Amino acid sequence: MNDEASEARLGRRIGGLLSQRNAQLGPDTRAALADARRQAVAAARERHFGGFHLPRTGMSWWAGAKPAAAAVLVLGLLFAGDYVNTARTQAVQGEVETALLADDLPIDAYLDQGFRAWLLAESSSSRS
């Protein structure tokens with residue numbers, strides 16, 4: 001706060017001194033100074049947006065935040081996709097487990113290679 005107060009006092013003092021000397025300037029010089037002032041005020045308004053003071057480097061705060069925002073978005077999409085894929089896989093596995101447990105055939109029958117060959121032979125003969 002103290003720095004802001006001393007800066008404001010200095011600005012008022014400089015402004016007062018410039019106003020005193022303004023009467024001694026020619027009309028062309030006054031017009032050039034007025035134009036420069038308008039440009040400086042416009043540039044200062046561009047740096048102040050929505051109550052946020054942007055850095056004076058010419059680079060806005062958003063330009064520095066774009067890569068971070070893009071990285072957060074990409075990571076969020078990856079995590080969301082992984083979550084959806086995991087939920088879908090778990091649902092399918094649950095359906096398969098329910099079907100295996102509710103079936104009259106024992107689970108070991110599905111693991112038996114001879115039974116698998118018989119199923120393939122039966123399915124191909126029923127298609128013919």
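Guide: Helices (H or I, at least four residues) and strands (E, at least two) are DSSP runs, numbered from the N terminus. On that basis the protein chain has 5 helices and 2 strands, in the order α-α-β-β-α-α-α. This is a predicted model, in which local features need pLDDT of at least 70 and side-chain atom pairs count only at pLDDT 80 or more, while totals for chains, interfaces and linings use all residues. Residues are numbered from 1 along each chain as its sequence is written, and side-chain values use heavy atoms, with hydrogens and water left out.

Visitor: Where is confidence lowest and where is it highest in the protein chain?

Guide: pLDDT is the predictor's confidence in each residue, from 0 to 100. Strand E2 (residues 52-53) is lowest, at a mean of 57, and helix H3 (residues 61-102) is highest, at 88. Where pLDDT is low, the predicted coordinates should not be read in detail.

Visitor: Why is leucine 75 called partly exposed?

Guide: Buried means under 20% relative accessible area, exposed over 50%, and partly exposed in between (1.4 Å probe, protein chains only). Leucine 75 has 47% relative accessibility, so partly exposed is the term that applies. This leucine 75 is in helix H3.

Visitor: What span is expected of helix H5 at 1.5 Å a residue?

Guide: The expected span of a helix is 1.5 Å times one less than its number of residues. Helix H5 (residues 113-127) has 15 residues and reaches 21 Å from first C-alpha to last, close to the 21 Å expected.
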